[in-house]
Structures are given as structure tokens and as C-alpha cells.
Amino acid sequence: MKRKKTSEEKFVDDGRTLYDMSGLDDMHRTGERKPKRDRVSVSKKERRMLIRAALLAYLPIFIGVLACFTLAALLMYFWFI
């Protein structure tokens, strides 16, 4: 059986940390932003090339997911005929 808590038992803080919050700043309270770090300057043409390369890198994954959804739809269609 579970033991009932009595009024004599008090909470004692043992100093353990569940989540480390030291990396958070006060931006959400003050609304101030940190200064931007060194940014790489790219031209419009280079930016388009970077975006195109990223999209081409994700294209096989997208095609695979689309094929799985199509296969699932076909299986459901033929299952319920």
C-alpha cells in the first residue's frame, strides 16, 4: 500500500537539475536581439544555386515518401473493392 504523506514530511531540495536553463537569454523578456554573427555574403545567383542544390538533395527522399503514400493508397483501394 501507498503511504500517505503527513504534514511532518517537508520537501528537501537536493540540488539536482532536470533541465539546464543556463543557455537561455532574456530576449523573450526584453525583446532585444543579439548582434548578428558573421554572415556569409552570397549573390543572388549563388543563393539560387544553393537552394537548387538543397532541393535536389531532398528530391529522392520526397519521391520515396510520395511513392509510399501512393502504394498505401493503392493497397487501401484494392483492399476495399
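Which residues make the nonpolar surface patch of about 480 Å²? The legends below start with the whole chain and then get to that patch. This is a predicted model, where local features need pLDDT of at least 70, side-chain atom pairs count only at pLDDT 80 or more, and totals for chains, interfaces and linings use all residues. Numbering runs from 1 along each chain as its sequence is written, and side-chain values use heavy atoms, with hydrogens and water left out.

View 1. Helices (H or I, at least four residues) and strands (E, at least two) are DSSP runs, numbered from the N terminus. Of the 81 residues, 0% count as buried; that label means under 20% relative accessible area, while exposed means over 50% and partly exposed falls in between (1.4 Å probe, protein chains only). The accessible surface comes to about 9,600 Å², with 62% of it belonging to carbon and sulfur atoms. Areas come from the Shrake-Rupley method with a 1.4 Å probe.

**View 2. Leu56, Leu59, Phe62, Ile63 and Leu66 make the nonpolar patch.** Patch residues have over 30% relative accessible area and no salt bridge; nonpolar side chains (Val, Leu, Ile, Met, Phe, Trp, Tyr) are joined within 5 Å, like charges within 9 Å. Phe62 sits in helix H2 and counts as exposed because its relative accessibility is 53%.

**View 3. Arg39, Lys44, Arg47 and Arg48 form a positive patch.** Lys and Arg count as positive and Asp and Glu as negative, with His and the chain ends not counted. Each charge is placed at NZ of Lys, CZ of Arg, CG of Asp or CD of Glu. Arg48 belongs to helix H2, residues 44-79, and is exposed at 61% relative accessible area.

**View 4. A search of the whole structure turns up 1 aromatic pair.** The ring centres of Tyr77 and Phe78 are 5.2 Å apart and the planes stand at 70 degrees, so the pair is edge-to-face. Rings of Phe, Tyr and Trp (its six-membered ring) pair if their centres lie within 6.5 Å; planes under 30 degrees apart are stacked, over 60 edge-to-face, the rest tilted. Tyr77 is exposed at 53%, and Phe78 is exposed at 57%.

**View 5. Arg16 and Asp14 form a salt bridge.** Their closest N and O atoms are 2.6 Å apart, and both residues are exposed. The cut-off is a side-chain nitrogen of Lys or Arg within 4 Å of a carboxyl oxygen of Asp or Glu.
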